[in-house]
Amino acid sequence: MNALFNSGQSLLPRLILAVVFSIIIMVVDHRSTQMREVRMYLNTLISPLQFIANAPGAMLDWVSREFVSHQKLVTENERMKQENLLMSTALQRYHLLREENTQLRQSLGATARADGKRMIAELMAVDQNPYNHQVVINRGLSDGVYEGQPVLDRDGIVGQVQYVSANTSRVLLLADVSHNIPVRVLRNNLNAVVSGTGSLSQLTINHITHSADLQVGDLLVSSGLGKLFPEGYPVAKVAMIDKSQTTAFVAVSATPMANLNQLKYLVLLWPQEERIDGQP
Amino acid sequence: MMSFLFNRFAISLTLVLAFVLQIIPLPVEFDVFRPDWVLLTLSYWVLAVPHRVNIGVAFICGLGLDLVLGTTLGIHSVATCIVVFILATNYQRLRNYPIWQQSFVVGLLSAFYHLLVFWLQHMISDIYFLFHYLAPTIANVITWFYVFYFLRKVRRTSGVR
């Protein structure tokens, strides 16, 4: 095999074969769902690389956690306790309201809304390609994560799970150009679709007519129409409305509620599964 | 035993290392200048041992890149295969270039690689070209010197032929 002038002729057929094969994979992966399972196994295969790449950052995190001063821990604990107290008092009313809501919906003959199961996931410090907005989280198939699952942070919807592997999964953020989410305006139930623009701090709403009642500062919550995201979680706030009459639709931009550029802990949601009452 | 393993799997080990470097987190300011470690490592091995590392390895590495970077499968494999093809058909000439000239050729090819990846991505989703997509090219030109000397050392100590 170690000839002086080797394989000059055999390279071109190989290249053509590889390129044709790649294009077939590309089309199949992009157009259909048949590659899902293959991709899952392949992702599982490469996930050790992600864990290795994540290790230095995780180690630094661990070191900084181990060497926190006692004073700082005490003050933080105090602050957390107060925050917790405030939140649980807010929740007291929530329970009341939920009970009332269920009763009202029952008297209307509508189905009751169920809270789903939740799980906390941590962002893995793994770099991405510059063209997409995705993050990798440390939960995967073994935790029951599925493709298309909604992901939240403390302020609102972050995105949805795009690819799953055994122990990690990849989340497509709201800000990605390929991401769209059906929403409604909390104030007046106006339906719209929020799309990503590729910028982490700006989303856009297309096809809003000039007569539509939309104001700067309106809160957009998920409408549940796409069946992926459960109803009622905050998505974005209207930031700017350009009502110049030259275009058929109004140009609306919105800022995401979730802090997309400083994610650390995320919450995975299982909207279908009913939660047993009283369990957090 | 260890040295036997090292000699046997030197190429694979350096590629795995390149993959880790490719996805290891960097501060945001430097992130756009991240060199294409996998492409550089592949380029070195293609120039050094073209009968062992060529289109097949490039294809597998390309698929690996698609997986770790989260792009549609096949995008990076097309780009790496084409770049490796160009290197493999011209390896005798490129090997005799002085290293700074090699680094320019590799830089140019990596710019071509990024344009290919961008173009394929653009066909799939409507992203727009930003000039900083080509920023890794500059880093590649500089990093080639280090990659070249490091991998040459690896090749000589492990006796990869």
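How many helices and strands make up the secondary structure of chain A? The count comes to three helices and 12 strands. Please keep in mind as you look around that this is a predicted model.

**Overall build of chain A**

- The C-alpha trace of chain A spans about 80 × 60 × 40 Å along its principal axes.
- Chain A has a radius of gyration of 24 Å, whereas a compact globule of 280 residues would have one near 19 Å.
- Buried residues account for 28% of the 280 residues in chain A.
- If we take the contacts in chain A between residues at least 6 apart in sequence, 57% of them join residues at least 24 apart.

- Strand β2 (residues 134–137) of chain A pairs with β5(A) in the antiparallel sense, over four bridges. Here Val135(A) stands opposite Val171(A).
- Strand β4 (residues 157–164) of chain A also pairs with β5(A) in the antiparallel sense, over five bridges. In this pairing, Leu173(A) of β5(A) has Gly159(A) opposite.
- A hairpin is formed by β4(A) and β5(A), with four residues between them.

**The barrel in chain A**

- To trace the barrel, follow six strands of chain A in the order β6-β7-β8-β11-β10-β9, which close up with antiparallel pairing. From one strand to the next, the twist averages 40 degrees.
- Within that order you will find β8 (residues 203–208) beside β11 (residues 250–256), both of chain A, in an antiparallel pairing over four bridges. Leu203(A) has Ala254(A) in β11(A) as its bridge partner.

**Where chain A meets chain B**

- The contact draws on 41 residues from chain A and 34 residues from chain B.
- On the chain A side, the elements that give two or more residues are α1 and α2 (36–66) of chain A. The largest share of that side comes from α1(A), with 12 residues.
- By residue type, the side of chain A that touches chain B divides into 21 nonpolar, 15 polar and five charged residues.

**The nonpolar cores**

- A handy piece of background: in soluble globular proteins, nonpolar side chains tend to be buried together.
- The largest nonpolar core here holds 52 residues, and the ones that touch the most other members are Val38(B), Leu42(B), Val46(B), Ile55(B), Cys81(B) and Val84(B).
- Both chains supply elements that give two or more residues to this core: α1 (8–31) from chain A, and α1 (2–23), α3 (37–48), α4 (55–69), α5 (75–89), α7 (99–124) and α8 (135–158) from chain B. The most comes from α5(B), with 10 residues.
- Leaving aside residues up to four places away in sequence, Val38(B) touches Leu15(B), Ala18(B), Phe19(B), Gln22(B), Cys61(B) and Leu65(B).
- Another core, of 42 residues, lies apart from the largest one, and among its members are Met124(A), Tyr163(A), Leu174(A) and Ile205(A).

Methods: Residues numbered from 1 in each chain as written. Chains lettered and ligands numbered in written order. Predicted model: local features only at pLDDT ≥ 70, side-chain atom pairs only at ≥ 80, totals over all residues. Core = buried A, V, L, I, M, F, W, Y, C linked by C-beta atoms within 7 Å. Buried ≥ 20, exposed ≤ 12 C-beta atoms within 10 Å, placed from the backbone. Contact = placed C-beta atoms within 7 Å. Pairing = 2+ DSSP bridges. Axes fitted to C-alpha atoms, helices over the stretch in contact; angles between N-to-C directions. Nonpolar A, V, L, I, M, F, W, Y, C, P; charged D, E, K, R; others polar. Rg over C-alpha atoms; globule rule 2.2 N^0.38 Å.
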